[in-house]
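Let's take a friendly walk through a structure, with a few backbone details to look for on the way. Have the viewer open and follow along.

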Amino acid sequence: MASVSMTVNGKQVSATVDPRTLLAQFLREHLHLTGTHVGCDTSQCGACVVHVNGRAVKSCTTLAVSCDGATVTTIEGIGTADNLHPMQAAFRENHGLQCGFCTPGMIMSAIDIVNRKGNKLDEHTIREELEGNICRCTGYHNIVKAVAQGAAAMK
Amino acid sequence: MSAKTGVGAPVLRKEDFRFITGKGQYTDDINRQDQAHAYFLRSPHAHATIKKLDISAAKSAPGVLGVLTGDDLAADKIGGLICGWMIHNKDGSPMKAGAHPALAQGKVRYVGDHVAVVIADTYAQAKDAAEKIVVDYQVLPAVVDMNKAKSSAAIHDVAPDNVVYDWHLGDKAATDAAFSKAKHVTKIDLVNNRLIPNAMEPRAAIGDFDAGTGVYTLYTTSQNPHVARLVLSAFVGIAPEHKLRVIAPDVGGGFGSKIFIYAEETVCVWASKKVGRPVKWTADRTEAFLSDAHGRDHISHAELALDDKGKILGLRVQTKANLGAYLSTFSSCVPTYLYAPLLSGQYDIPAIYVEVEGIYTTTAPVDAYRGAGRPEATFLVERIIEKAARETGTDPATFRRKNFIKSFPHQTPVIMAYDTGNYTASLDLALEMADYKNFAKRKKDSAKNGKLRGIGFSAYIEACGIAPSAAVGSLGAGVGLWESAEIRVNPVGTVEVLTGSHSHGQGHETTFAQLVADRLGIDIDSVAVVHGDTDKVQFGMGTYGSRSGAVGMSAIVKAVDKVIAKGKKVAAYALEAAEKDIQFKDGRFSVAGTDKSLAFGEVALQAYIAHKFNGQDLEPGLKEGAFYDPTNFTFPSGVHICEVEIDPDTGTTDIVKWTAVDDFGNVINPMIVEGQVHGGIAQGVGQALLEGAHYNADGQLVTASYMDYTMPRADDLPSFDIGMTNTPCTTNPLGIKGCGEAGAIAAPPAVINAITDAVGHEDVPMPATPYAVWQACQKGARKLAAE
């Protein structure tokens with residue numbers, strides 16, 4: 001067993017875990033933050049994207065112990081139903097989600113895209129940058145619109 | 001009732017708040033106290049007998065609570081999984097359905113077949129222990145190629161030639177006669193590629209047996225929890241229905257793959273009593289690839305007979321359909337009754353004859369996947385129509401227009417009676433939106449840049465609103481396909497809508513609330529939609545085949561009408577007027593010709609306090625239920641036009657414009673309907689350009705992860721231009737036809753017709769990968785040089 005400490009959504013957490021515990025498992029099973037989803041296990045689908053020290057990371061292929069001392073933000077840490085993050089609001093306003101399973105990872109990736117590429121994003125850039133997130137429901141049409149609107153609103 | 005939330009308004013979704021904040025509750029997000037975890041040992045071989053299965057070392061591994069096998073299922077008299085639709089052969093004999101135990105009993109039939117389950121305190125312990133199970137397999141030949149299946153090793157003893165059924169539909173003599181008169185016959189050979197549904201949420205289950213009450217609860221990723229309960233009770237025999245509760249909470253996409261009753265969910269329920277603890281299982285993605293029911297996988301030959309004016313005289317089709325190693329829940333009807341009756345498309349075809357062979361192979365079971373039979377039919381019809389237009393030198397739009405059905409109702413030669421439609425209107429709008437008249441100029445411009453430009457049409461028809469129960473019963477269905485609804489009005493006038501439909505992305509919590517709020521004249525936020533729990537909701541048939549609008553919502557309006565009728569009785573007492581004088585409009589019950597009225601909520605309160613009427617004359621309360629059985633299928637239709645530009649040096653296909661014009665009848669929420677179209681097109685483009693499940697000759701699935709199976713990603717797709725026409729359905733109270741599968745049905749032939757147009761010949765497979773398209777470009781260049 002290994003001990004691990006990190007800051008998750010502003011709270012200091014410590015636990016003793018099996019060293020093979022993945023960050024996604026740690027968040028979901030130890031901290032009960034089930035908004036982070038696991039849709040594959042090969043870093044392909046992006047449903048598990050969280051921010052580690054401010055960068056988008058696929059938590060299904062990250063060992064929890066490798067995040068010792070890190071600052072982690074999950075979908076639960078960016079906004080609430082009464083106080084949505086602009087990117088969350090944009091996904092709703094543009095019907096950028098259907099079943100909702102890929103949505104937390106999409107939103108966390110979208111925020112990361114804005115952090116890296118700025119607030120003015122064209123369709124081509126958004127589509128290229130979303131390469132690491134798979135959605136099976138929406139055909140991406142409305143996700144692309146949502147990311148553009150959310151990016152502008154994050155100014 | 002605000003115009004902003006009424007029927008026809010693009011109301012933002014009520015359910016979104018929990019999904020965008022990470023508060024959705026999917027099956028894997030649920031944890032039961034003291035739950036254990038299941039890991040399934042799966043067959044590494046496509047086909048083998050199990051000579052010896054030694055579980056002793058696994059049983060004593062750390063944390064292990066139990067190791068269960070097919071012998072344990074047999075000892076407990078647990079039945080096998082069933083196929084719920086009986087298909088009869090040409091000679092009237094029944095199809096050959098091999099036994100399908102949830103855990104193998106002496107034989108495995110595909111890679112991923114379930115050999116044993118290990119249940120342990122943690123998932124890691126269960127997985128580790130499974131490595132200690134020793135299986136002595138005697139490997140048998142894999143059966144992968146449908147064309148060779150008849151002479152291959154028998155997969156099931158009941159079907160020595162691996163043929164499940166040899167079925168037909170239509171009038172052979174009339175069709176032969178039509179061909180004998182033909183001036184031109186167009187022939188085509190097509191492969192409809194095998195797909196893997198890939199809902200983003202993998203399947204999951206928690207079985208939880210309560211020893212105190214003797215009740216089992218199954219939390220699972222299901223599109224139809226009542227059907228799951230029925231099958232697990234009546235056929236598998238785990239527990240009677242009143243001792244089994246099935247809960248399908250938030251479900252992350254289905255596309256058909258979560259209709260079926262699978263081995264893993266079955267085993268989790270059964271095992272929870274065996275080990276005395278809740279048992280949880282969640283598929284990893286490779287398990288999903290291996291064991292979710294796959295889709296499509298047809299090989300077809302078709303011929304179209306034309307007269308000297310280019311009018312269609314007849315169509316004949318021979319199809320081999322891969323059904324995999326076992327018959328999944330609805331598999332048998334997909335390449336038969338969900339396929340052949342759609343082969344008339346939008347066209348007036350006097351004679352059709354179809355023969356379908358269902359084939360066993362040592363691959364995962366194949367069942368309904370978005371569209372289910374209808375995409376296969378549309379791909380065939382729209383490819384052969386396009387080819388016939390080209391062979392006769394006719395513009396493809398003109399050829400279609402000439403052969404469209406133009407008067408309704410229309411009886412096809414293959415069962416279906418189309419109630420209404422206006423195919424020319426959709427074609428005209430699509431041609432205008434796609435700027436078809438300037439296509440030739442765009443093609444020239446592309447050629448100047450060394451690119452090949454092509455345009456492809458798809459005029460599809462779909463049969464939704466599944467289905468009139470007596471009709472499907474006469475065709476072999478084991479269930480009725482009506483839907484149920486209950487409207488529970490609370491004393492304060494808020495409303496709960498209990499529906500047998502199930503939402504797994506379709507937005508029912510919004511659209512159903514929109515409909516009910518509109519009809520009752522109350523605020524949309526006063527309406528809650530309840531679904532997905534057999535303990536809460538009356539028996540219902542679930543969501544698939546674009547049926548929740550046409551059938552599910554029809555049941556809801558039927559129940560709403562009963563609530564209004566009862567409300568009028570209550571209002572008559574409360575307002576001291578005759579019942580016949582009570583009117584209901586805009587949320588108020590009023591006495592005709594007076595200013596006396598009560599709001600809906602006030603009448604609800606009167607119904608529950610029951611002070612103003614005698615309980616012997618009128619029952620207190622305000623709650624009504626309805627079952628709605630449709631009288632016909634519904635027939636959504638439309639025209640999609642795909643324009644592509646191909647780089648002949650790399651074979652890369654760029655979809656430069658997508659035009660979709662659909663006739664879904666009346667629409668409740670256009671925002672949600674357009675979203676359904678977008679998603680459907682993406683899956684259809686996926687089939688046409690990217691996706692293909694591939695088993696090698698040994699029966700190994702070599703596309704079993706997202707590293708190998710190409711899912712459509714954001715940069716593979718364009719934005720879509722969506723248009724709509726509307727001929728309301730005449731056979732349900734809302735005039736709704738259904739929209740869930742249209743895009744997936746329409747898209748593949750539109751893409752392939754565009755690519756074949758660009759490269760100048762018909763030999764382009766699906767998926768049309770860059771390599772395949774590059775080869776097609778080389779062949780096209782050679783053809784051009786030879787000419």
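Helices (H or I, at least four residues) and strands (E, at least two) are DSSP runs, numbered from the N terminus.

## Before you start

This is a predicted model, in which local features need pLDDT of at least 70, side-chain atom pairs count only at pLDDT 80 or more, and totals for chains, interfaces and linings use all residues. Residues are numbered from 1 along each chain as its sequence is written, while chains are lettered from A and ligands numbered from 1 in the order in which they are written.

## Two cis bonds in chain B

Look for B:P767 in the loop between α18 (742-759) and α19 (770-786) of chain B. A cis peptide bond links it to B:M766, with omega about -5°.

Another cis bond joins B:F408 to B:P409, and here omega is about 0°. B:P409 sits in the loop that runs between α10 (396-403) and β16 (410-411) of chain B.

## Positive phi without glycine

A:N53 is not a glycine, yet its phi is positive, at about 50°. You will find A:N53 in the loop between β3 and β4 of chain A.

B:F255, also a residue other than glycine, has a positive phi near 60°. Its place is the loop between β11 (244-247) and α7 (263-275) of chain B.

## Buried or exposed?

A residue is buried if 20 or more other C-beta atoms, placed from the backbone, lie within 10 Å of its own C-beta, exposed if 12 or fewer, and partly exposed in between. B:F255 counts as buried because it has 30 C-beta neighbours inside 10 Å. A:N53 has 13 other C-beta atoms within 10 Å, so it is partly exposed.
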